[in-house]
Amino acid sequence: MVAQVRMRPRKPNNEYRVNEDPQRLDQVYVQVLGQDGDKMLSEEVKWLAITHKSFDQGRRGYNDRLAFFGKRIVDLQSSLAILSSHAATGSPSPPPDDLEREPFQHPALESIPRLTEEVRKDVNSRKRMSDIAQRYGLLSVLRWKPKKASDLPGSGLELALAQALYAIVGAVSLQKGGEVANKVVRERILSQLGLN
């Protein structure tokens, strides 16, 4: 519900216009999801995935739940890509044992030391995801209300863009299935990060 009279005056030069053009939205979905990306999701879900909760005070629905689901998918796929990457970091040899026991060795276990929390946080950092989202042009269609229109990074642009990218992955997973979403993550996000 909106008050009939504003309690505080409007700040000058703080107007931020959002995209209302469905054709521009379809062009961005083609860039993000590839060929026929604009046909992958329904119209309502396309708008929902790029809507931050700050837009219209959250009255029209927003992408938090889709982003949560999409982030889990991206986390899983990036972990699998790190484990299967062939760039050996040189796993440390186990310390010598006083009882002359040898630890179990197997080729499938050699990549596990590469999967540390720091590596995962670096690969899936908000900065890197927002950079990918900007390369795909999500900023031109993102529906949100920045605190200061003159200072978008200070208003949380990085978070809003990363959340929109995750929400698109979550929406694809819900509408087209996990196999298609995993393919989108590998081909459209992880490839941008250098993980294949």
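This is a predicted model: local features need pLDDT of at least 70, side-chain atom pairs count only at pLDDT 80 or more; totals for chains, interfaces and linings use all residues.
Two helix contacts centre on helix H6, which spans residues 157-176. In the first, H6 is paired with helix H7, formed by residues 178-190. The axes of H6 and H7 come within 7 Å and cross at roughly 150 degrees. Because angles over 145 degrees count as roughly antiparallel, H6 and H7 are assigned to that class. On the H6 side, the contact is made by Leu 165, Val 169, Val 172, Ser 173 and Lys 176. These residues meet Gly 178, Val 180, Ala 181, Val 184, Val 185 and Ile 189 in H7. By class, the residues of this contact comprise 8 nonpolar, 2 polar and 1 charged.

The second contact joins H6 to helix H3, which covers residues 64-84. Here the axes come within 6 Å and cross at roughly 85 degrees. With 65 to 115 degrees counted as roughly perpendicular, H3 is therefore placed in that class relative to H6. The residues contributed by H3 are Asp 64, Leu 66, Ala 67, Phe 69, Gly 70, Lys 71, Ile 73 and Val 74. Those contributed by H6 are Gln 163, Tyr 166, Ala 167, Val 169, Gly 170, Ala 171, Ser 173 and Leu 174. The contact of H3 with H6 divides into 10 nonpolar, 4 polar and 2 charged residues. Val 169 and Ser 173 of H6 are listed both in the contact with H7 and in the contact with H3.

The buried residues of H7 are Ala 181, Val 184, Val 185, Ile 189 and Leu 190. Of these, Ala 181, Val 184, Val 185 and Ile 189 also take part in the contact with H6. The cover over the buried residues of H7 includes, besides H6, helix H1 (22-33), H3 and helix H5 (126-135).

Individual positions in and around H3 were examined next. Asn 63 is found in the loop between helix H2 (43-49) and H3. Its relative accessible area is 0%, and Asn 63 is accordingly classed as buried. Leaving aside neighbours within four places in sequence, Asn 63 is in contact with Leu 48, Ala 49, Ile 50, Thr 51 and His 52, and also with Gln 163, Ala 164 and Ala 167. Among these partners, Gln 163 and Ala 167 belong to the H6 side of the contact with H3.

Asp 75 lies within H3. This residue is also buried, with a relative accessible area of 11%. Apart from neighbours within four places in sequence, Asp 75 is in contact with Arg 120 and Asn 124. Asp 75 and Arg 120 are 45 residues apart along the chain, and their C-alpha atoms are separated by 7.8 Å.

The loop between H3 and helix H4 (117-123) contains Leu 115. Leu 115 is partly exposed, its relative accessible area being 29%. When neighbours within four places in sequence are set aside, Leu 115 is in contact with Ser 79, Ile 82, Leu 83 and Arg 120. Although Leu 115 and Leu 83 are 32 residues apart in sequence, their C-alpha atoms are 6.5 Å apart in space. Leu 109 is located in the loop between H3 and H4. Leu 109 is partly exposed, with a relative accessible area of 41%. The C-alpha atoms of Leu 109 and Leu 83, 26 residues apart in sequence, are 9.3 Å apart in space.

Two residues with positive phi were noted in loops. Asp 36 has a positive phi of about 60 degrees although it is not a glycine. The loop that holds Asp 36 runs between H1 and H2, and Asp 36 is partly exposed, with a relative accessible area of 44%. Glu 100, likewise a residue other than glycine, has a positive phi near 60 degrees. Glu 100 is placed in the loop between H3 and H4, where the residue is exposed, with a relative accessible area of 74%.

Finally, interactions involving aromatic rings were considered. The structure holds 0 aromatic pairs. A charge over a ring is, however, present: the charged end of Arg 72 sits over the ring of Phe 68, at 4.6 Å from the centre of that ring.

Methods. Residues are numbered from 1 along each chain as its sequence is written. Side-chain values use heavy atoms; hydrogens and water are left out. Axes are lines fitted to C-alpha atoms, for helices over the stretch in contact, and angles run from 0 to 180 degrees between N-to-C directions. Helices (H or I, at least four residues) and strands (E, at least two) are DSSP runs, numbered from the N terminus. Angles under 35 degrees count as roughly parallel, over 145 as roughly antiparallel, 65 to 115 as roughly perpendicular and the rest as oblique. Contact means heavy atoms within 4.5 Å. Ala, Val, Leu, Ile, Met, Phe, Trp, Tyr, Cys and Pro count as nonpolar, Asp, Glu, Lys and Arg as charged, and the others, Gly among them, as polar. Rings of Phe, Tyr and Trp (its six-membered ring) pair if their centres lie within 6.5 Å; planes under 30 degrees apart count as stacked, over 60 as edge-to-face and the rest as tilted. A charge sits over a ring if NZ of Lys or CZ of Arg is within 6 Å of the ring centre and within 35 degrees of the ring normal. Buried means under 20% relative accessible area, exposed over 50%, partly exposed in between (1.4 Å probe, protein chains only).
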